Structures are given as structure tokens and as C-alpha cells.
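Subject: Handing over the two-chain model

Hello,

Here is the structure I promised to pass on. Please open it first, then read my notes below.

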Amino acid sequence: MTDATDTNAGVRPVRASAGRRGSGRAGTALAPYLQAAPMALVFLVFFVLPLAATIVVSFWQYTQYSIEPAFTAQNYGDVFYGCLADLPRLCTTFLTYLSTLKFCLIVWVTTLTIGFTVAYFLAFHVHTLKIQVICFLLCTIPFWTSIVIRMISWIPLLGRNGLVNQTLVGMGVIDTPLEELLYSDFAVILALTHLYTLFMVVPIFNSLMRIDRSLIEAARDAGAGGPQTLLHVILPLARPGILIGSIFVVTVVMGDFLTIGIMGGQQIASVGKVIQTQMQFLQFPLAAANAVILLAAVLVGVWALLKLVDIRKEL
Amino acid sequence: MSARRPRSFYVLAFLFVLFLLFLYGPMISILVLSFQGPEGGLVFPMVGVSTHWFERLWAGGGQVEIGAALRRSFALALVVMVLTVTISVLAGLAFRRRFRGATVLLYVAIASLIVPSIVVSLGIALEFRLLDDAIKAVGAVAGIEWVQTGFVSALGPFTSGLGAHLTWTLPFGLLIMFAVFNRFDPAYEEAARDLGATPWQTFRHVTLPMIAPFLIGVAVFGFTLSWDELARSSQVMGAQNTLPMQLAAKTTTVTDPEIYALGTATTGGSVLLLLVAFTLISLMQPRRKRG
């Protein structure tokens, strides 16, 4: 009642104040632009322009001493040299991408499996907030240590005379120490899983915590068993978290050269390592061409992940 | 909740403990091995217990030479921390209102997280090399003596290196600020405005104290992300090295536990930083409630 009668009387003051605030804003209309400017500037100078420079330089020529402005597809030709001609046999570039892709896939599966299990346990089986926070902190603390330290910390365990070999030999399981524990595909996968599982746990945990618990009760009441509830209720609802974690892990592994370098004993090829080596030999346009191709591959990977999960939703 | 837990609880709890063991096991092993006796090696068994390797590390002159790289990394991390907090808060404030280009800026920030670090690092290195060429050309044409004789490269820890680290820390900072301002009740600011506070006074005396604990979080993130950063640093530090780069280069050549001592020391530093941050945050909470 009072609202209705006050409407007419109230309009003018509100308008007036809106007008005043409006004129106040005219002075500060620039404010958000000024506030966003530093961040925009940093990304422009150190992200957008560098990517543009990479694309431009990938079409340039190079000699032993310098890089020359030009427009040539020669660098891309060099990257894929012999790839079509020898087709039944795979060329180095294809093999390198295949190897990187293999690590991507395996590490994606391991981090997703472990990450989902841990997140599920924390979200559904730990009931008090305090214990949840403590468990969560326990998972995140190693994240604050240097990744190099976390990699070399495998040496005392996996090395030729490491704890694992000592134990196995001591138990009589094997006669001679296993050489391929460290500096191998296995070591790379182990280290990548060790480093990046947390990036799966956090977003999946976040998604699981947002699930309305009554939905799960409803599924139980409707006769769904544990696996059915997991597959048809929880998994679809955890989709955003799984997606975010997957994108992070896949893109990190695609561009990795440090873990594959250190844990592979500098013997395993990866796209990132190829780029790094070419930079060392000052073959900038070639490195740039490789970077552009890697970037395209990563974008395709992200796109494929988005599709993959979309298709699941539609099934 | 029911007193009896389902069997799945025990299975999952066991798996969780295994996961923690997987996370901490290797780190505990180097923590223990860093106190290896002077005669001890890179693997178990322990040959006595001593602080020999810490003393070697501290004195310098061993296999791991870290002094300059450590100071450089620390200074860089401090600069990155301050810039990350400042720029993230400003951008966070900007995103509370509509402005043209907001969506583009957000997508660029997220892209900066997703694009492989080696590509970002290479891009910045290329950009700065082109810049070097330009500076030298200008120097030659204009006859600037300093450029012609003294200028080598614009690449360095506090130019290209700083930029590379910011492309890594700022997206995290921005996302944290989103989370903070999503839960922020604007009623307090409105009250301040109604009482006649200027925008600056509102920010200084109302908004800032309320978001301060989260800013410590952003600061810790900024510092540690920069302190540990390696992939984006790889091409952009010019002739100089940061601590993680030094460490990565040493992994294949070092043959004694000094590197474990360094690992223990840096991890200890990180944990100390976290403790200080948590203490500061918990000290701020009551003040906030009182105010």
C-alpha cells in the first residue's frame, strides 16, 4: 500500500540521486579503464605481442648469425621435412608429437583417476569441515615446494642403488637392480603425476562440494546402487571440475620439457625440448615455427576435451 | 551421521593415505638424507647424522653455488609479489563494473595460463631480441655512444624475466580477486558513501581492510609462483640465472647430498613463509570483527 502511494512521490528524489550519481560517475567513468590498464598493459607487452612476434618470426629466414625479415614457409617445411615422403615410416616430428601425446594421455588418466578418488573421498566421506580443511591442506603443502626439488626427491627412491631396488634385491625378488626405474618413461609419468594431481583434486573437489546432497539421496531412493549413482548422478555433475583439471593437466604436459628432460635423463624427446634446443642453437625462426605448431596442437587438444565432455553430456 | 561407516569409506581412506604417502614419501626421504654424514652419498643408508651439507651450502664453494642466484630470485619474487597484488586488486576493482574489453581481458588472462610456458618464454625472448635490434639500429643512426659501445641486450631478470613471471602470477591473482569480490557485500561501501566518504576513503578504510587477509593470500601466491618458476624463465633471463634454473642445471652433475640440503632449506623457507602468512591472516581476523 504505502509502496504504491509513495511511488509517484518517490520517483523524483530517486531520479535526482541517480542523476547526481550519474554525474559523479561521469567523472569516474574512466575509473575501471584506469584500474584495468596495468593488467592489460602487462598482458599486451608480455603475452599478446610475444605471441604475435612468434608468428611473424616463424615466417622469417635465418642464417648462422642473424634472423632476416622475409616471408617464407621454409621453417614449417623444415619442421615436417620428410614427413609425407616417408609416410609409412613416421618422421621425427610426428614421433615426437606421438611421444608427447602418449605422456599426455597416460598422465591424464592417472591424474584424473587419483584426483577424482581423492576429491570424492574428501567431499563425500569426510563429514566435518575441520578435518576436510586439514586433509585439503595436507594435499596442497607439497605444491609450495620447488618442482625441481620434487623431481630430484625421486633419486633416493628410484636410483640404481635407491630404496626400491635395495628392497627388491633384499627380498630376493630380483638379482640385479632395475636400471629403468629412473631416467625412463616410467619416471617421467610418475613425476608428472606427482606434480600435477593436485590440479585435478582442487577443481573436482570444488564441483563435488556444490552437488546438492538430496540428489544423491533421491538416486538411492529411486533404487540406484552405488556405481549407478556415481556414473549417472555424480560424474555428470562433476563435469566442470573434471574439465578444468583436464585442460590444465593436458596443456601443461603438452608443453613440458623440464620434467621429461630431468626425469628422462635428457634422453626422451618432447616438443618443448625441441624448441628449447633450437633456441640454444639460435635457430629462432625454426623454434618459432615449432612453437606455433605446438600452440595449434594445444588449442586442438583443449577443443577436443570440450567436445569430448559435451558428447558425454548428450549421450 | 550414522556411527557405522560403509566399507567404501575404509577403502577410500586407505587410498587417501596411500596418496599422501606418494606425495610426501620422496620429500621426506630427501629431508632425511640432507642430514647425511660427511661420508654419505645420494642414497640410503645414512652414514652418520650431521649438518655437514648445510654448512657446505652456507659456506659456499661446494658443488652447488647459489649465492647470487638466490639473492636474484628473492629480489625478483619480492617485486613480482608487490606488482601482482597491486595489479590484481586494481583489475579486480575494475571487473566489479562493466567496461569495454572486460571479456577480452579475462580471456587473455586465462589464455596466459593455458598457453604452454615454453611458447610464452620463446615469444618474450624473440620480442626482446627484436627490441635489441631496434635499439642498436637507432643507436647507430642517432650516434648515441652509450648504445653503440655499452648496450648488449634488454633481456634480463627485471625486464623480460619480470614480465614472464607476471604472465604466470597475474591470472591466479585475478581469479582470486574474482572469488573475493563475488563474496563481498557492497552494503559496507554504500554505507561509507552515504556517510560522505570519498571513493578513496571508502577504499582505504572500508574495502581494503575487508579484503586484506585475501591479499596476503595473493601475495603468497605471487611470491612462491615466482620463486619456483622455471619453465617461463628458461629463455628470458638473459645472461643471468634464477635459483630454480641453477638447480635444474645441477640435477645431472651434482653427486653429493648438498643438493638435498638446498632442497630442505628452500622447502623450509616456503613453509616458514606460509606460517607467517597464516599467522598474519589470523591476527587480522579479530581486528576485522572489532571494526
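This is a predicted model: local features need pLDDT of at least 70, side-chain atom pairs count only at pLDDT 80 or more; totals for chains, interfaces and linings use all residues.

**The chains**

Chain A has 315 residues, and 36% of them are buried. Its secondary structure consists of 16 helices and 2 strands. Take the contacts in chain A between residues at least 6 apart in sequence: 67% of them join residues at least 24 apart.

Chain B has 11 helices and 0 strands. Of its 291 residues, 34% count as buried. For contacts in chain B with a separation of 6 or more, residues 24 or more positions apart account for 77%.

What are the dimensions of chain B along its principal axes? The C-alpha trace spans about 85 × 70 × 35 Å. The radius of gyration of chain B is 24 Å, whereas a compact globule of 291 residues would have one near 19 Å.

**Where the chains meet**

How many residues of chain B are in contact with chain A? There are 66 on the chain B side, and they touch 68 residues of chain A. Several helices of chain B give two or more residues to that side, among them H3 (67–95), H5 (117–142), H9 (199–228) and H11 (258–290). The largest share comes from H1(B), with 15 residues. By class, the chain B side has 48 nonpolar, 15 polar and 3 charged residues.

H2(A), residues 31–57, and H7(B) have axes that come within 9 Å and cross at roughly 125°. That angle makes H2(A) oblique to H7(B). The crossing is left-handed. On the H2(A) side, the contact uses Met39(A), Val42(A), Phe43(A), Val45(A), Phe46(A) and Phe47(A). They meet Gly163(B), Ala164(B), Leu166(B), Thr167(B) and Leu170(B) of H7(B). The contact of H2(A) with H7(B) has 9 nonpolar, 2 polar and no charged residues.

H7(B) also holds Leu162(B). Is Leu162(B) buried, exposed or partly exposed? Leu162(B) counts as partly exposed, because it has 18 C-beta neighbours inside 10 Å. Neighbours within four places in sequence were left aside, and the list then includes Leu76(B), Val79(B) and Val80(B). Leu162(B) and Phe9(B) are 153 residues apart in sequence. In space they are 47 Å apart, C-alpha to C-alpha.

**A helix pair within chain A**

H4(A), residues 92–125, packs with H9(A), residues 185–196: the axes come within 9 Å and cross at roughly 45°. H4(A) is therefore oblique to H9(A). The crossing is right-handed. H4(A) brings Phe103(A), Ile106(A), Val107(A), Thr110(A), Thr111(A) and Ile114(A) to the contact. H9(A) brings Val188(A), Ile189(A), Leu192(A), Thr193(A) and Tyr196(A). The residues of the contact divide into 8 nonpolar, 3 polar and no charged.

**Positive phi angles**

Most residues other than glycine have a negative phi. Two residues of chain A are worth checking on that point.

Tyr183(A) is not a glycine, yet its phi is positive, about 55°. Where is Tyr183(A) placed? It sits in the loop between H8 (163–171) and H9 of chain A. Tyr183(A) is buried, because 21 other C-beta atoms lie within 10 Å.

Gln266(A) is not a glycine either, and its positive phi is about 60°. Gln266(A) lies in the loop between H14 (258–263) and H15 (271–280) of chain A. Is Gln266(A) buried or exposed? Gln266(A) counts as exposed, because it has 12 C-beta neighbours inside 10 Å.

In chain B, the residue to check is a glycine. Gly196(B) follows H8(B) and has a positive phi, near 95°. H8(B) itself, residues 187–194, is hardly covered: of its 8 residues, the number buried is 0.

Best wishes

Definitions and conventions. Residues are numbered from 1 along each chain as its sequence is written. Chains are lettered from A and ligands numbered from 1 in the order in which they are written. A residue is buried if 20 or more other C-beta atoms lie within 10 Å of its own, exposed if 12 or fewer, and partly exposed in between; C-beta atoms are placed from the backbone. Helices (H or I, at least four residues) and strands (E, at least two) are DSSP runs, numbered from the N terminus. Two residues are in contact if their C-beta atoms, placed from the backbone, lie within 7 Å. Ala, Val, Leu, Ile, Met, Phe, Trp, Tyr, Cys and Pro count as nonpolar, Asp, Glu, Lys and Arg as charged, and the others, Gly among them, as polar. Axes are lines fitted to C-alpha atoms, for helices over the stretch in contact, and angles run from 0 to 180 degrees between N-to-C directions. Angles under 35 degrees count as roughly parallel, over 145 as roughly antiparallel, 65 to 115 as roughly perpendicular and the rest as oblique. A crossing is left-handed if the near helix is turned anticlockwise from the far one by less than a right angle, and right-handed if clockwise. The radius of gyration is taken over C-alpha atoms; the globule rule is 2.2 Å times the number of residues to the power 0.38.
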